[in-house]
Amino acid sequence: SQLIQVDLGASYNITRVKLTWEAAYATAYQIQISSNGNSWTTLRSVTGNSALINDQTGLNGTGRYVRINGTAKALPAWGFSLFELEVY
């Protein structure tokens with residue numbers, strides 16, 4: 001697995017995360033949040049993804065840190081590659 005983590009600079013209520021993947025997208029991943037960067041809560045687990053744009057709405061959590069934990073790859077010989085990670 002691989003992950004990308006961002007620090008939002010302050011704590012926010014997270015309701016939506018939009019991912020725009022390159023061809024090396026994740027077929028399975030978790031959207032996780034944390035208030036301290038150490039303890040993580042999974043807002044959503046995604047499996048069976050086949051789209052390059054994933055707009056995950058209806059999330060509900062508060063945190064300063066957001067990470068995407070990729071657990072399965074579309075292209076096994078490569079890692080994961082994101083063009084954009086949007087947090088709302």
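A nonpolar core is a set of buried Ala, Val, Leu, Ile, Met, Phe, Trp, Tyr and Cys residues joined through side-chain atoms within 4.5 Å. With that in mind, here are close-up views of what is a predicted model.

**View 1. The largest nonpolar core brings together 15 residues.** Val-17, Trp-21, Tyr-29, Ile-31 and Ile-68 are the members with the most contacts inside this core. Strands β2 (17-21), β3 (26-34), β4 (41-46) and β6 (61-73) each contribute at least two residues. The biggest share comes from β3, which gives four residues. As a general background, nonpolar side chains in soluble globular proteins tend to be buried together.

**View 2. Trp-21 and the residues around it.** If you set aside the neighbours within four places in sequence, Trp-21 is in contact with Ala-26, Tyr-29, Asn-49, Ala-51, Leu-52, Asn-54, Ile-68, Phe-80, Ser-81, Leu-82 and Phe-83. Is Trp-21 buried or exposed? Trp-21 is buried, and Tyr-29 is buried too.

**View 3. Ring pairs link Trp-21, Tyr-29 and Phe-80 into a cluster.** The structure holds two aromatic pairs. In one of them, Trp-21 and Tyr-29 are tilted, with 5.7 Å from centre to centre and 55° between the planes. In the pair of Trp-21 and Phe-80, the ring centres are 6.5 Å apart and the planes meet at 55°, so this pair is tilted as well. Trp-21 belongs to strand β2 and Phe-80 to the loop between β6 and β7 (82-87), so their pairing ties together parts that are 59 residues apart in sequence. Trp-21 and Phe-80 are both buried.

**View 4. Strand β5 (residues 53-56) has side chains that alternate between two faces.** Next, look across to the partner strand: β2 and β5 run antiparallel and are joined by four bridges. Within this pairing, Leu-19 stands opposite Asn-54 of β5.

**View 5. Arg-64 and Asp-7 form a salt bridge.** The structure holds two salt bridges. In this one, the closest N and O atoms are 2.7 Å apart. Which parts of the chain does the pair tie together? Arg-64 lies in strand β6 and Asp-7 in strand β1 (residues 2-14), so the pair ties together parts that are 57 residues apart in sequence. Arg-64 has 30% relative accessibility and counts as partly exposed, and Asp-7, at 41%, also counts as partly exposed.

**View 6. Asp-55 and Arg-16 form a salt bridge.** Here the closest N and O atoms are 2.8 Å apart. The pair links distant parts of the chain, with Asp-55 in strand β5 and Arg-16 in the loop between β1 and β2, 39 residues apart. Asp-55 is partly exposed at 38% relative accessibility, and Arg-16 is partly exposed at 25%.

**View 7. Charged ends of arginines sit over the rings of Tyr-88 and Trp-40.** Arg-16, a partner in the salt bridge with Asp-55, has its charged end over the ring of Tyr-88, 4.4 Å from the ring's centre. Over the ring of Trp-40 sits the charged end of Arg-67, 4.1 Å from the centre of that ring.

Terms used: Residues are numbered from 1 along each chain as its sequence is written. This is a predicted model: local features need pLDDT of at least 70, side-chain atom pairs count only at pLDDT 80 or more; totals for chains, interfaces and linings use all residues. Side-chain values use heavy atoms; hydrogens and water are left out. Buried means under 20% relative accessible area, exposed over 50%, partly exposed in between (1.4 Å probe, protein chains only). Contact means heavy atoms within 4.5 Å. Two strands pair if DSSP finds at least two bridges between them. Rings of Phe, Tyr and Trp (its six-membered ring) pair if their centres lie within 6.5 Å; planes under 30 degrees apart count as stacked, over 60 as edge-to-face and the rest as tilted. A charge sits over a ring if NZ of Lys or CZ of Arg is within 6 Å of the ring centre and within 35 degrees of the ring normal. A salt bridge is a side-chain nitrogen of Lys or Arg within 4 Å of a carboxyl oxygen of Asp or Glu.
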